[in-house]
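Reader: I would like to learn how to read a structure of this kind. Please show it, and then take my questions one at a time.

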Amino acid sequence: MPLNTIITITGKAVPVPGADMDTDRIIPSRFLKCITFDELAGTMFYDERFNTDGSTKHHPIDDPAHAGACIIFGGENFGCGSSREHAPQAIKRSGIQAIVAESFAEIFIGNSSGIGLPCVCAAHTDLEAAIELTRREPDTQWTVNLENLTLSCAKASYPITMQANFREALIRGRWDAVVELMNAPETVAKLAASLPAPSLS
Amino acid sequence: MGKTLYQKVWDAHTVGTLPDGRTQLFIATMYLHEVTSPQAFSMLRELGLPVLHPERIFATPDHIIPTDDQHEPFADPRAVTMLEALRRNCAENGIRLFDLPSGQQGIVHMVGPELGITQPGMTIVCGDSHTATHGAVGSIAMGIGTTQVRDVLATQTLAMSPLKVRQVRVEGTLRPGVTAKDVALHIIHRLGADGGLGYAYEFAGSVIDSMDMDGRLTVCNLAIEGAARCGYINPDEKTFTYLKGRPYAPKGAAWDAAVARWKSFASDPDAVYDDVVIIPADEIEPTVTWGISPDMSIGISGTVPNPDDAPDAETRKARTTALEYMKLTPGTPIKGLPVDVVFIGSCTNGRISDFRAVAPLLKGRKVAPGIKALAVPGSQMTARQCEEEGIADIFRAAGFEWRLAGCSMCLAMNPDKLVGDQVCASTSNRNFKGRQGSPTGRTLLMSPIMAAAAAVTGQVSDAREVFDINA
């Protein structure tokens, strides 16, 4: 299966700050009652953005100044909580192409990388500066560069980090693992024969 | 140099190294539920691939199942669609489904251990973060995403990077009234909701050694709330006694061989850990969360913390946000906080031992007026045991609504939900904003006996005082 390489993402950014941004906040569980991911566009951070009566909470995502943003600036332990892939799916299907945060929950980072949504880490002070700049000048064009590991715009450049294997998978267009997982059927068959499977007998 | 259980299980299941450097890991057993699997089957169909090892995959519906009335069709058409999809996908692919009429349905993390499918030395995955639960029998169990569920359906393997291993040793003796739930909440509080990033937690020490299997399942269940993707406990005689005779456990001569094999997976005495944390048992109180992250907890004698006392700006901000959402004032004693709803259940605390612990305390007592109290056995098997042992009747007599098996009020994907800004004393695993179904609902996580104390007093209470268990 040919996949696109993901090396640079360029566009406006939107801040979604705060530590421990859990997947229930990224996508409330009522939106999980679906059997495809197709309906998830626009649902990201729903209860963070809207009151129960549907009125706006004036979240930066809904600020016209950040309209069309394709990069999220987040906080520590972004995506903690449940393993629901609905969370990165909702984010990706809402037009976001990269997330920059201080750190990410393990399951979230794996889910995101597996659907071609890079999660990269930046230092606390750099993120604060980037958020400040993008709040002041929302039209700032940021570039997340996975090759040289920088987050940059015309006025600033910050180093970013990411797990080497996820980076490799994205920039080589190998982020969907299933093709490579099918390359060793004999070894898999051998393990399947030697490792006991639970059975009623 | 010795190895940890994590390393041994990882090595035994390694297929090879992928071009991006990740390990291709064989998965011994995968569990499915209705929320995170239908999309994976769709992806598989798009690729035109069959399920490679259906005999290693087990399914049960849990999240969307109503616990009051399970007559079909359910009132919620979306729940009907999801259940139908699970049934169809399992039937078409020869996957064993523990469906509602089977008598073996329940929360997937209860069903697996109860049926003896979850065994030591296995790699176990499920599209659900609380898969960590299964580590309690000495397996490496992890939550995965739906694309990864597809990978396992297609290849019975996953692309993974190994975690570091932190041994969390709880040493000493727990004080009376302090339970496995309190141990887990205390660990999360000590190490932080993000403290386990990059780690598997090996729970050990005298407290874990003497803990029963249901308690161990509770502790491992909550590993993920401390950011550890998997938590495990080395298999011992308690593990083997627990598994013996369960439907899917090996029998006869195969049993002895299995036990010998299982023992070999336990961490070596000279195993090297990436980190070791020792937690004294006597510092653990009955613990209650006050905020919107599972690490925001205090002992029952404590007061709601003040953001101004926070060690850093981030913590101050997090506390302020939490207090605002919880409508709490710094310095308020947690004891005495009025509650509206009590929920005893979930994959954290919906096991037979949880109901056995609470039932004798409820005998002759009543749920306080105006309190809605739900008792929800996590599986049909546990529900049957509770009926047989008279436990269900004790809960009913006390004024609890005794429900049918399911995830219930843990996560708001079924009719059991908080309304408005109700406060819920809950034995579940997450106090996130909106977790229990109302975007303004407030969750206080605690142990089953603490939830029972809240039920009979109508407020957060010290179970040791209410039930006189200090003796």
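Reader: How many residues of domain 1 of chain B are in contact with domain 2 of chain B?

Author: Before the count, some ground rules. This is a predicted model, in which local features need pLDDT of at least 70 and side-chain atom pairs count only at pLDDT 80 or more, while totals for chains, interfaces and linings use all residues. Residues are numbered from 1 along each chain as its sequence is written, and chains are lettered from A and ligands numbered from 1 in the order in which they are written. Two residues are in contact if their C-beta atoms, placed from the backbone, lie within 7 Å. Here 39 residues of domain 1 of chain B touch 39 residues of domain 2 of chain B.

Reader: Which elements supply the domain 1 side of chain B?

Author: Helices (H or I, at least four residues) and strands (E, at least two) are DSSP runs, numbered from the N terminus. In chain B, α4 (108-114), α6 (180-191) and α8 (213-221) each supply at least two residues of the domain 1 side that touches domain 2. The most come from α6(B), with six residues.

Reader: Which residues of α3(B) are buried?

Author: A residue is buried if 20 or more other C-beta atoms lie within 10 Å of its own, exposed if 12 or fewer, and partly exposed in between, with C-beta atoms placed from the backbone. In α3(B) the buried residues are B:A79, B:M82, B:L86, B:N89 and B:C90. They lie on the same side of α3(B) because they cover an arc of only 100 degrees around the axis, the arc being that of the directions from the helix axis to the C-beta atoms.

Reader: What covers the buried residues of α3(B), and which exposed residues are on the face turned away?

Author: The cover includes α2, β4 (57-59) and β5 (96-97) of chain B. The face turned away from the buried side of α3(B) carries the exposed residues B:P77, B:R88 and B:A91.

Reader: What follows α3(B)?

Author: Next comes B:G94, with a positive phi near 70 degrees.
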